Amino acid sequence: MTAAAVPAPATRSTDVPPEATPADRAATEVNQPTGPIHTGSGNQLLFHYPRREARANDLAPSQLQRLWRCFVTPPNFDRAAKLLAEPEGVVILSGAANSGRRTAGLMLLSAGITPATAVRFVPPEPELQAAQVERRIFGAGDVRADDRLLFDLSEVDANLFAEQQSCLHELLPALLSRQAKLVVVLPHHYREQLRPDFQQYVVEIGRPDMLEVFERQLAAHGVHVRNAYRYRKTFAAATMTELVRLAYQVRDAHEDQPDTDADALLAEVLSSGERLERKASGAVQSADEQRSRALLIATALLHGQSTRTIFVAQQRLLELLQPSEDDREHPLKLSGVKESLERFGIELSITSDQRVEFAEPAVAAEILGYFWDDMPWLREPLADWLDALADADLVDRYDLIAIVQRFGEQCRRTRQADLALRVVDKWSSARQWAQRSAAYALFEDLLDDDRTASPARQILYTWARDTHLSPGRVAIVVAACVNVLSNGFLDQAVVRLCWLTKHSDPGVQADACHGLKRLSEPPETRLTVIDQVLEPWRFTPTMFAAVAAPEGLPLFAGTEAAARIVAGWQQALDATPRARRRELLRPWLVAHSDLLGNGQIVDAGHLVHLLALCCAGRREFLDDLLNAMFEWFEGREDPLSQRTARAVNELVRGGRLSNLPTATEAEE
């Protein structure tokens, strides 16, 4: 969201600002031009909230040019390009997952754009249960002239897919009138659910030549191979993600061994992966009865643990999988592992402290992957087994984090976020610190992976709105918003932390405000966070004081944003009882003294000027500032505090003489 899209607070600064009034409730009106928010059954409720720009990620031409260098035209690309060139300007790309549909869509949109044009990537917002004021629906009013838009619906669920179809229908007239172009990436399994009037826009996009994709990926890194054609079948069977990962492995090997031939490095990387796969599959095949298979699973998940822990885990797994009826076959006896693979031994070592380790740790993930893929009925029992191991307190905190991340890696690889989130949901409120730490580590991985991020963001939103959320989950919400979510979805991080400030526990409210403060600390995000907190339905004095902390405000002196920030501080002071107003003013004094101590004399002067504007025309603000200064200065004799006290005295004296400009005059 841009700063320009956020209106200033309702109480704009004047010579004598009016008394603060409670924010008006959202008035529900029909047939107003402020943009629809769907409520189901075809009805629309229109809210008189200030218009905000829909969330979209801009891709500059320079970024698209880098993609072009690696891009290989897939089958039916030309047909999609012709359809996109039609006046309607819409193409819906269908095709197999992980075949490059999103990149193909970006390339379609980037054809013929000027250096000043950005392609906008609009990811779907999964918050179906969000309050209407928090929704991020991209509507017709968000379409710009000559716009280039990519909607990625490849990961949405059935409900969101149905909603987005309705949204897409409303976009069509705007696309036509504004000569804009739209590419939609369609979930392949929803093709039959697409509305009949959209079928004319569908193009089945094929997989590009994967050998050529690989060669171009390497060439983009300055690595050139001559004999990659020998592995054409290997590349043809790989997904796009696997192919890109392979290219990075070869690039890394080339950086480590610059004098080695690139073809030799490619052969080494491929043979290394094949060798690990053979070892893992051989170990799985050799474990042909349930006890040995249970031991193999336990060793793969718990490698690095003691022999006792692994044998106990094996026994727990066998007990968990024991059939309820004697005549039923044990789940680990069921067929499913690849019996045609050769048998290979697997190297294990026992350390001096009796811990079991693989000679090649990467084999462990391969073994888990085999059982995970070939025996999918084991996945839920494995989650229960992991839970039982944690409850038994068999491993310490750091080992538990590593173990649960191995489990999470399989969940992320197969996009089974619900299984991992089940573990997070239980462990996040556990009494043991080790389980809570492991829950956060697992959740952070889910949130940071595109394959599982959407449901993770949704549960984060649900938790944030719970006014009685447990302390363990509160810690996860704050840490996840600050450390992970803010990197790509700053607006969503702010929304969740703002909801958390409504928690029933004042301590949690303070934690949420501290999280918001952390989001506003980087200069590049500070104004965005301030503007979001300034939105009337979110604004509270405590939240605003946290994100618009005085020490960070000199950056905006003399800018257009200064007036909005001053007005926000006036609103915060107005809405705060006089008995507590000095708590808001004291940080200004501390910040001024610190700036002087750091030699930032100019910034200290800017801060005093902004404070003067906040108090302009309001005698009670000046009185409260003077009292706050007396309380803060008591017992201080250092020169910096004395200079701050003198600056405040001069400010108050000048303000009482009404010689200071108002915020409105400063803006003009």
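Residues are numbered from 1 along each chain as its sequence is written, and side-chain values use heavy atoms, with hydrogens and water left out. Because the model is predicted, local features need pLDDT of at least 70 and side-chain atom pairs count only at pLDDT 80 or more, while totals for chains, interfaces and linings use all residues.

**The largest pocket**

Let's start with open space. A pocket here is an open set of points on a 1 Å grid over the protein atoms alone, where a 1.4 Å probe fits and protein lies on both sides within 12 Å along at least five of seven lines; lining residues have an atom within 4 Å of a point. The largest pocket holds about 1,700 Å³, a volume counted as the space filled by probe spheres set on the points. Its lining has 49 residues, and the closest to its centre are Arg 102, Thr 103, Asp 152, Thr 241 and Asp 450. Among the elements that each supply at least two lining residues are strand 4 (57–59), helix 3 (101–110) and helix 7 (240–256). Helices (H or I, at least four residues) and strands (E, at least two) are DSSP runs, numbered from the N terminus. By class, the lining has 23 nonpolar, 13 polar and 13 charged residues; Asp, Glu, Lys and Arg count as charged, Ala, Val, Leu, Ile, Met, Phe, Trp, Tyr, Cys and Pro as nonpolar, and the others, Gly among them, as polar.

Helix 3 is largely enclosed by the rest of the structure, because eight of its ten residues are buried. Buried means under 20% relative accessible area, exposed over 50%, and partly exposed in between (1.4 Å probe, protein chains only). The buried residues of helix 3 include Arg 101, Leu 106 and Met 107. Just after helix 3, Gly 112 takes a positive phi of about 80°.

Leu 301, in helix 9 (residues 290–302), counts as buried at 4% relative accessibility. Which residues does Leu 301 touch, not counting residues up to four places away in sequence? They are Leu 368, Trp 385, Leu 386, Ile 403, Arg 406 and Phe 407, where contact means heavy atoms within 4.5 Å. The C-alpha atoms of Leu 301 and Ala 402 are 9.2 Å apart, although 101 residues separate them along the chain.

**Rings and charges**

Rings of Phe, Tyr and Trp (its six-membered ring) pair if their centres lie within 6.5 Å; planes under 30 degrees apart count as stacked, over 60 as edge-to-face and the rest as tilted. The count is nine aromatic pairs. One of them joins Phe 71 and Phe 77, a tilted pair at 5.3 Å centre to centre with 55° between the planes. Phe 71 is buried at 7% relative accessibility, and Phe 77 is buried at 9%. Ring pairs also link Phe 539, Phe 544, Trp 569 and Trp 588 into a cluster.

A charge sits over a ring if NZ of Lys or CZ of Arg is within 6 Å of the ring centre and within 35 degrees of the ring normal. Here are two examples.

| Charged residue | Ring | Distance to ring centre |
|---|---|---|
| Arg 457 | Phe 489 | 4.1 Å |
| Arg 465 | Trp 499 | 4.0 Å |

**Positive phi angles**

Most residues other than glycine have a negative phi. Gln 179 has a positive phi near 55°; Gln 179 lies in the loop between helix 4 (158–177) and strand 8 (181–185) and is exposed at 61% relative accessibility. Arg 415 has a positive phi near 60°. This arginine, Arg 415, is in the loop between helix 13 (397–413) and helix 14 (417–427), and is partly exposed at 37%.
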